[in-house]
Amino acid sequence: MLRSAVWQGLVAGAAGTAVMTVAEKIEQRFTGRPDSQVPGAVLARLTGGRLRTTLLMHFGQGALVGGVRALMANAGLRGPVASAMFTVVRLSTDQILENATGVGAPPQTWPRSELLVDLLHKTVYGFATGAVADALAARRGPGPGQRHAAERPGRRSGRE
């Protein structure tokens, strides 16, 4: 499961990042908001200034974090609820990296309009990544959690 989840996660995360990027470009046409340079600044801090490519960080982080969603899908955590849970993971990884490197500030200090835009785009990423991860995992059939639920309907620990 782990081996297939790695490549599935990279594919799903890259696809989710592409969809998010398109959504950002559409939003920017309407709002006039410039491209964020934060991902590039984070990458520069992480590499000691050797790399400062926003696009590389944007897609690299999206692809790598997609691995978490692929693991979820392969375990049987699929669908909109799993994608919502994963969206929180994506938001958290951004905040950890941005705040740990000193590039960003905690979201509660942001202007509300910036916070809403970030939440919107990360939600697009989370659900697009989830759709791809779920489709790839479904090719192998139900995950362990889904098999357990089919055998024992309702929320059960398996120890009953």
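The model is predicted. Its protein chain has six helices and zero strands, and 38% of its 160 residues are buried. Welcome in, and let's start with the whole before turning to the parts.

**The overall build**

- If you follow the protein chain along its sequence, you will read the pattern α-α-α-α-α-α.
- The C-alpha trace spans about 50 × 35 × 30 Å along its principal axes.
- Take the contacts between residues at least 6 apart in sequence: 72% of them join residues at least 24 apart.

**How H1 and H3 pack**

- A handy starting point is that two packed helices are described by the angle between their axes and the distance between the axes.
- Here the pair is helix H1, covering residues 2-31, and helix H3, covering residues 54-75. They pack at an angle of about 125°, and their axes are 6 Å apart.
- The crossing of H1 and H3 is right-handed.
- Sorted by class, the residues in the contact of H1 with H3 are 11 nonpolar, 11 polar and one charged.

- The structure holds six salt bridges, and one of them pairs Asp134 with Arg69.
- In this pair, the closest N and O atoms are 2.9 Å apart.
- Are Asp134 and Arg69 buried or exposed? Both are buried.

**Salt bridges within helices, and a network**

- In helix H4 (residues 80-100), Arg90 and Asp94 lie four residues apart, about one turn of the helix. Their side chains meet in a salt bridge, at 2.3 Å from N to O.
- Arg90 and Asp94 are both buried.
- Asp118 and Lys122 also have side chains that meet in a salt bridge, at 2.6 Å from N to O.
- Why are Asp118 and Lys122 separated by about one helical turn? The reason is that they are four residues apart in helix H5.
- Asp118 and Lys122 are both buried.
- Salt bridges with shared partners join Arg90, Asp94, Asp118 and Lys122 into one network.

Definitions and conventions: Residues numbered from 1 in each chain as written. Predicted model: local features only at pLDDT ≥ 70, side-chain atom pairs only at ≥ 80, totals over all residues. Heavy atoms only, no water. Axes fitted to C-alpha atoms, helices over the stretch in contact; angles between N-to-C directions. Helix = DSSP H or I, 4+ residues; strand = E, 2+ residues; numbered from the N terminus. Left-handed = near helix turned anticlockwise from the far one by under 90°. Nonpolar A, V, L, I, M, F, W, Y, C, P; charged D, E, K, R; others polar. Salt bridge = Lys/Arg side-chain N within 4 Å of Asp/Glu carboxyl O. Buried < 20%, exposed > 50% of the residue type's maximum accessible area, 1.4 Å probe, protein only. Contact = heavy atoms within 4.5 Å.
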